Amino acid sequence: MAASENRIVNYTFSRQSHWQGRSGRAYDLVSENLEHFAMGDAELYVIAKGNHVLWVGSTGELVTDPVSRSRFRLALDCADRVLRLVTPGLAAERMSTIWDLEGAEPRTPLPLAERSAA
C-alpha cells in the first residue's frame with residue numbers, strides 16, 4: 001500500500017487598492033486577511049477602519065517604540081482591514097512614509113474618459 005500525502009492548498013487572492021498620502025503621493029496597498037494577519041520583517045502596514053487610518057508601521061516600530069505598540073494593539077481591536085505597502089521604499093524614507101500614510105485616504109479611480117486621456 002502506497003502512502004498518500006494530503007496537501008491543502010490555500011490560495012490567497014490579494015486585492016490591491018490605491019491610497020493617497022498627506023503629501024499627495026500615491027501608494028499601492030495590498031489587502032491582508034485581518035483574522036490571520038502576521039507581519040513580515042521589512043514591510044510597512046496600514047491598519048484601518050473603513051477609510052480612517054488607525055496605525056502605520058512595521059515590526060521595527062513595535063519593538064522599539066512602546067507608544068507605537070500601544071497604538072497598534074488599540075488599532076487591531078477596532079480595525080476592519082489591514083493593508084501592506086507594495087513597495088516600502090528606502091529605509092531613509094521610512095519615517096516620512098509612515099507620517100504620510102497616517103493621513104492617507106483611498107483614491108477614487110479616475111473616470112474611464114480621464115484614464116484613456118492620461
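Tutor: Take strand 3. Strand 3 and strand 4 pair in the antiparallel sense over five bridges. Two strands count as paired if DSSP finds at least two bridges between them. Helices (H or I, at least four residues) and strands (E, at least two) are DSSP runs, numbered from the N terminus.

This is a predicted model, in which local features need pLDDT of at least 70, side-chain atom pairs count only at pLDDT 80 or more, and totals for chains, interfaces and linings use all residues. Residues are numbered from 1 along each chain as its sequence is written, and side-chain values use heavy atoms, with hydrogens and water left out.

Now the bridges. Val-46 stands opposite Val-56 in strand 4. Tyr-45 has Gly-57 as its bridge partner in strand 4. The hairpin of strand 3 and strand 4 has two residues between the strands, and there Gly-50 takes a positive phi near 60°.

Strand 3 also pairs with strand 5, in the antiparallel sense, over four bridges. On that side, Arg-84 in strand 5 is the bridge partner of Tyr-45.

Six strands form an open sheet in the order 4-3-5-2-1-6, with antiparallel pairing. Strand 4 and strand 6 (105-106) stand at the edges with a single partner strand each, so one side of each has no neighbour in the sheet.

Next, burial. Buried means under 20% relative accessible area, exposed over 50%, and partly exposed in between (1.4 Å probe, protein chains only). Four of the five residues of strand 3 are buried, so the strand is largely enclosed by the rest of the structure.

The aromatic rings come next. The structure holds two aromatic pairs. Rings of Phe, Tyr and Trp (its six-membered ring) pair if their centres lie within 6.5 Å; planes under 30 degrees apart count as stacked, over 60 as edge-to-face and the rest as tilted. Phe-37 and Tyr-45 form an edge-to-face pair, at 5.2 Å centre to centre and 75° between the planes. Both Phe-37 and Tyr-45 are buried. Trp-55 and Phe-72 also pair edge-to-face, at 4.9 Å centre to centre with 70° between the planes. Trp-55 lies in strand 4 and Phe-72 in helix 2 (residues 66-78), so this pair ties together parts that are 17 residues apart in sequence. Trp-55 counts as buried at 0% relative accessibility. Phe-72 counts as buried at 12%.

Helix 3 (residues 94-102) belongs in this picture too. Its buried residues are Arg-94, Thr-97, Ile-98, Asp-100 and Leu-101. Seen down the axis of helix 3, they fall within an arc of 165°, so they line one face of the helix. That arc is taken over the directions from the helix axis to the C-beta atoms. What covers these residues includes strand 3 (45-49), strand 4 (52-57) and strand 5 (81-85).

Finally, the whole chain. The secondary structure comes to four helices and six strands. Of the 118 residues, 28% count as buried. Residues 24 or more positions apart account for 64% of the contacts with a separation of 6 or more, a contact being heavy atoms within 4.5 Å. As for confidence, pLDDT is the predictor's confidence in each residue, from 0 to 100. The chain's mean pLDDT is 82, and 79% of its residues reach 70 or more. Over residues 6-12 the pLDDT is below 50, and this stretch has zero contacts in the model beyond near neighbours in sequence.
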